[in-house]
Amino acid sequence: MPILYGANPTWADVTPVPQEDGGPHPLAAIAYAEEYSEAMGYLRAVMAANEYSQRVLGLTEHIISLNPAHYTVWLYRAKVLDQIGANLADEISWLNPTALQHLKNYQIWHHRQTIIDKLGSPEGEGPFISTMLEQDSKNYHVWSYRQWLVKRFDLFDEAELAWTESMIEADARNNSAWNHRWFLVVGRKGGQALEESIVDREIQYAKAAIRKAPQNQSPWNYLGGVVRRAQLPASSLKDFVLEFADLDEPDKVFSSHALDLLADIYTQDEDKKDEARKALDLLAVKYDPIRAHYWNYRKGLLDSSPAAQQIA
Amino acid sequence: MQESSNRPLHGANESGLQYAKHIKYWRRNLKTYLPHHYTSNDSNRLTLGFFILSALDILGDLQPALSAEERQGYIKWVYSCQIPTGGFRGSPGTDFGSLRNDGNAVWDPPTVPATYFALGTLALLGDDLQGVKRREILIWLTRMQRPDGSFGETLGLGDRIEGGNDTRFGYLSTGIRWMLRGTVEGPVDGVPDVDVDQFVKCIRDSETYDGGISEDSLHEAHAGFTCCAVSALSLVDRLPLPANFAPKADDRIRGVSNLPLMLHWLTARQTMTLDEEDALDTYADETDSTATCHDGHAFLPHNYTSEAGRKSIESQPTSHFEMSWVGMNGRANKIADTCYAWWSCAPLKLLGHLELVNKKPIRRWLLDKTQHIVGGFGKLPGYPPDIYHSYLGLITLSMFGETGLQDVDPALCISTRAKEHLESLPWRKAVVGEPEPSKAETVPDLSYMTITGG
């Protein structure tokens, strides 16, 4: 790599600060590329002098391209942007491809939040997020960022819900999309209880998704969550569960999650302990043997106190 | 998937840990430069250093691997990362040397992760932590906590608490607190405590509808955040009490409000979806079959499925799935990944329920599928080993009781030996309040409780 700073007249007034690595036995020493070592030497020099300038902005960009997880360089960059009165929209334009190159980086999203917060508008963020999700539709950082955006700009609206539905339609097993739905439905209410109509709507939505793919754990978890949140008894789901798992037809079970919920419903009924045991046996032996230890544990709890066993 | 990843590394059918290869892998990490692609981890060298030394410790190789001179050299290096005002920087990369002053100190800050891993590394190396500015760290820790109870990563301009408010930093902060003052609550010799109640409330606020812990209130359940939360609760002694456990019962708020649901979620992390190819089928396919759902079920075609789905099932064998290998994922409907063996199983261990997963096929998955031929573990089958996955794969096997590995403490993610070393330090015993066993003449050293002025 060319030497970018040492021979550059723009940087002639800066004396780079070499890295002091604490004696002859450094831990986790890295074979730095010369390019990185040189840039870091100049970064230490300008940071030590608290220089905020256009050339420093370029330097931070260079370091970030080589080490995007350098947390102080991001904080320093934010300060530089502030001090030189940089155009924040330009900053976002630069961040977009940078985020696409580093899909699993925390700092980029923190920085983006800082900038978008200052810009005071979510405009353009939707399409950018969609581009990110095309790379990885379950990227945790992207979903978390979208949730921050919804909260910051109060976007708990029908459009957001419709977009979430389109994500679930594209992949019903995208648990991040299911969780985003929960975030919208529960989050818009703050800590308050959900209206009955909303509870009904959510239950119907989850049921429809389950009927399409009964072995998909995401809508089952969602359904259980809604029912608990609304403080409905698990038994209110019994008829629905029986569509997929009925102990009278033990060879025709279409969903281990249905069987799981059925076991839970029976567990809560003092007179149905034997049925609960049978459902848990089917799970352990036939329909979900990789969790056999867990199902057997649930079976063992059948004779203990109710508090120890109740999930729903 | 690469062919080689299916081949057991040890014998014909028996899975085995390749001790010699792992030792070689970790010694190489210790004694030679890490390849330049670790540059993206340059700010976390204390973390990498901790993993390297701790892995050798778990393998029982720390003593043989280090000369006395090297041991002192590494201790010296860790101390070189200590900030004059307390705490540790993540790497020497931000050290301005003699140019450091009050005006630029904010760009060379101590961080919570670096401080945790520095203390852990010193413990591993047998240091007594007398050179650590312990009092300053504990005061700094109280400034790292936000009003909502969460902890940040570092202090920025204007003492702004930077970094996410997720449980990673809460875990490492409570780990630092445990190392320096145990589980004692309230001020100790004039040094205030963090707000443990508020921290527990913050964790409870991150509990999800399906039983895990997320990055933030109402976000998606994730095994990494769940493990950090449960470990932190353990380190502040606020895990739920077992039923009928009266002797310890008190009014203190405790974490994990729905333990049965969390056990349900944690055990659901076991999966047969072991690599990227397994997961591809789930896109735009609404059918459930052993091909699309690798979670170990044998389902008959269902009349709810589409015509296309029905056809896709017809071509699939109806026989049972292969139970030899079971992986662990970090979220619902994700593929298995070596690191989630730790993030999902460690909380089970801390909650007293590791027996709820089937350790045998999980062990086989680690040994046959992600253990690498050169030592270490990769993230997925066929992936090259890296320090992070190699450490978490190894320590998981140790927690499972693998023969020949040292016992580990699941909350601290370190060997029991290193933990006991910390517990044996006289200054710590004086703070934690444990009586000195048969050494009545030992005077408790409280020097760190005074401002050293450095």
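**View 1. The contact between chain B and chain A in the predicted model.** In this predicted model, 99 residues of chain B are in contact with 83 residues of chain A, contact meaning heavy atoms within 4.5 Å. The size of an interface is often given as the accessible area lost when the parts come together. Here the buried area between chain B and chain A is about 8,100 Å², with carbon and sulfur atoms giving 56% of that area; buried area is the accessible area (1.4 Å probe) that two parts lose on being put together, summed over both.

View 2. Between chain B and chain A the count is 1 salt bridge, a salt bridge being a side-chain nitrogen of Lys or Arg within 4 Å of a carboxyl oxygen of Asp or Glu. D21(A) forms a salt bridge with R45(B), and the closest N and O atoms are 3.0 Å apart. On the side of chain B that touches chain A, helix 2 (45-58), helix 4 (68-80), helix 10 (259-267) and strand 3 (270-271) of chain B each supply at least two residues, and the largest share, 8 residues, comes from helix 4 of chain B. Helices (H or I, at least four residues) and strands (E, at least two) are DSSP runs, numbered from the N terminus.

View 3. For C228(B), which is in no disulfide, the nearest cysteine sulfur is that of C227(B), 5.8 Å away. C228(B) is buried, at a relative accessible area of 5%, where buried means under 20% relative accessible area, exposed over 50%, and partly exposed in between (1.4 Å probe, protein chains only). C339(B) is likewise in no disulfide, and the sulfur of C227(B), the nearest cysteine sulfur, is 10 Å away; C339(B) counts as buried at 3% relative accessibility.

**View 4. Two loop residues with positive phi.** Q231(A), although not a glycine, has a positive phi of about 55 degrees. Q231(A) is found in the loop between helix 11 (217-229) and helix 12 (238-242) of chain A and is exposed, with a relative accessible area of 71%. In D159(B), also a residue other than glycine, phi is positive and near 60 degrees. D159(B) is found in the loop between strand 1 (154-155) and strand 2 (161-162) of chain B and is partly exposed, at 44% relative accessible area.

Residues are numbered from 1 along each chain as its sequence is written, and chains are lettered from A and ligands numbered from 1 in the order in which they are written. Local features need pLDDT of at least 70, side-chain atom pairs count only at pLDDT 80 or more, and totals for chains, interfaces and linings use all residues, while side-chain values use heavy atoms, with hydrogens and water left out.

How values were computed:
A disulfide is a pair of cysteine sulfur atoms within 2.5 Å.
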